[in-house]
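I set down here what I looked up in this structure, entry by entry.

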Amino acid sequence: MSSKTRILTGITTSGTPHLGNYVGAIRPAIAASRNADAESFYFLADYHALIKCDDPARIQRSTLEIAASWLACGLDPEKVYFYRQSDIREIPELTWLLTCVTAKGLLNRAHAYKAANDANREKGEDADAGVTAGLYMYPVLMAADILIFNAHKVPVGRDQIQHIEMARDIGQRFNHLYDGEYFIMPEAAIEENVATLPGLDGRKMSKSYNNTIPLWLPAKELRKAILGIVTNSLAPGEAKNPDDSNIFSIYQAFASAEETAAMRQAYAEGIGWGDAKQKLFERLDAELAPMRERYDALVAKPSEIEDILHTGAARARKLAGPFLDTLRHAAGLRDLRSGIEAVKKPVERAEKPALQPVVFREDDAFAYKVLDAKRNVLKTQGGFADAKAAMAAAREAMEHIPPA
Ligand code: TRP
């Protein structure tokens with residue numbers, strides 16, 4: 001197996017990036033992508049955006065803004081896989097294969113779907129009023145995003161943990177039904193030391209609360225937005241509690257340890273809110289201004305971004321394409337010329353075969369192993385150009401293993 005840890009995350013393209021996105025997702029993800037032991041996959045989840053947004057102009061605009069944001073913040077599209085979900089044709093195709101092994105009851109239990117049901121019931125409406133099949137299928141599409149690249153770690157917010165668990169369930173089910181270790185079980189990676197920023201009103205900064213500060217406001221407007229953050233009514237000269245201050249929380253997310261300590265001191269000494277806000281603005285602007293310049297230049301050239309996304313998708317599809325071929329084959333969507341497998345009686349199918357071929361990726365090539373019923377490795381070999389060749393060699397090898 002490739003020894004690198006695969007990290008994958010998607011960003012839904014239905015809004016404008018704000019400070020909370022930057023601190024909570026963009027900045028830590030770009031830092032993680034510089035780790036040489038990791039192979040990172042970052043993508044624009046535009047199929048997911050369709051689930052909550054039916055305004056095409058907004059989806060397009062958001063795709064442009066989010067792609068430009070990640071690039072402006074320093075993502076290197078040559079070092080990571082950076083692509084648009086809808087450019088990877090293998091994703092919707094895998095979604096269907098997974099749909100067919102997903103228990104409907106599993107999807108009934110998804111938090112987002114249940115929340116929609118509950119809201120409807122509260123209003124005395126039909127539980128499924130206004131609920132699209134897209135919302136219902138959301139976890140399966142997300143599982144396909146993750147499983148198509150066999151990601152190990154998926155950095156997400158806590159609200160998404162259930163979706164990662166479902167991806168495991170669904171992948172496991174496929175592995176079991178089709179007798180192979182096709183999918184690696186992904187794990188949610190929750191960054192414990194990443195700050196959740198408060199928004200203008202003190203609640204978590206979030207589009208749904210309408211309390212965000214957009215990431216790329218021009219300096220003047222950024223300053224104005226910061227002046228609008230709620231504070232208590234303590235006057236200048238009165239000592240203030242930094243741990244109960246939205247201004248301080250945001251400052252801390254951008255400042256060094258020394259700067260933060262100095263600000264703590266200033267609070268104790270009674271810094272006025274106007275001054276604290278000015279300091280916050282200056283600190284934010286120092287970090288954002290150079291990136292803002294890059295962002296503005298990128299957004300002005302959508303075709304360059306399109307090229308970057310295209311290149312990213314082509315690279316990603318080199319992984320997804322051969323893997324999907326293996327999965328199609330596993331499920332029985334097969335070329336009739338590839339040999340016709342004898343249909344087993346249901347009882348034979350139910351029994352675990354004595355020998356089991358397993359194909360996996362190994363660096364840039366494919367490899368196989370043959371397992372016995374106790375999952376001991378009887379034979380393994382690498383260096384195959386694609387999964388199909390590895391599987392064929394595995395089957396060939398199995399012919400030569402004497403029955404136990
Ligand atoms: N559902 C995620 C969110 O709203 C976005 C997303 C789509 C995603 N596909 C993904 C995240 C795959 C991680 C992995 O935040």
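Entry 1, contacts and overall extent. In this predicted model, I took the contacts between residues at least 6 apart in sequence and found that 73% of them join residues at least 24 apart. I then looked up the secondary structure of the chain, which comprises 15 helices and eight strands. The C-alpha trace spans about 85 × 55 × 40 Å along its principal axes.

Entry 2, surface and charge. Of the 404 residues in the chain, I found 46% to be buried. I noted 50 positive and 54 negative side chains, with the centres of the two sets 2 Å apart.

Entry 3, a sheet of three strands. I turned next to an open sheet with the order β6-β7-β8 and antiparallel pairing. Its edge strands are β6 (355-362) and β8 (377-384), each of which pairs on one side only. From one strand to the next, I recorded an average twist of 15°.

How many bridges join β6 to β7? I found eight, with β7 covering residues 365-372 and the two strands running antiparallel. Leu355 stands opposite Asp372 in β7, and Glu362 stands opposite Ala365 in β7. The two strands form a hairpin with two residues between them. In that turn, Asp363 has a positive phi of about 50°.

Entry 5, the pairing of β7 with β8. Here I found five bridges, again in the antiparallel sense. Phe366 has Phe384 in β8 as its bridge partner. This hairpin has four residues between its strands, and Arg375 in the turn shows a positive phi of about 65°.

Is β7 mostly covered or mostly open? I found that β7 is mostly covered, with seven of its eight residues buried. As a general point, I note that side chains in a regular strand alternate between the two faces of the sheet.

I located Asp335 in the loop between α13 (302-331) and α14 (346-350).

Key:
Residues numbered from 1 in each chain as written. Predicted model: local features only at pLDDT ≥ 70, side-chain atom pairs only at ≥ 80, totals over all residues. Heavy atoms only, no water. Pairing = 2+ DSSP bridges. Axes fitted to C-alpha atoms, helices over the stretch in contact; angles between N-to-C directions. Buried < 20%, exposed > 50% of the residue type's maximum accessible area, 1.4 Å probe, protein only. Contact = heavy atoms within 4.5 Å. Lys, Arg positive; Asp, Glu negative; His and termini not counted. Charge placed at Lys NZ, Arg CZ, Asp CG, Glu CD.
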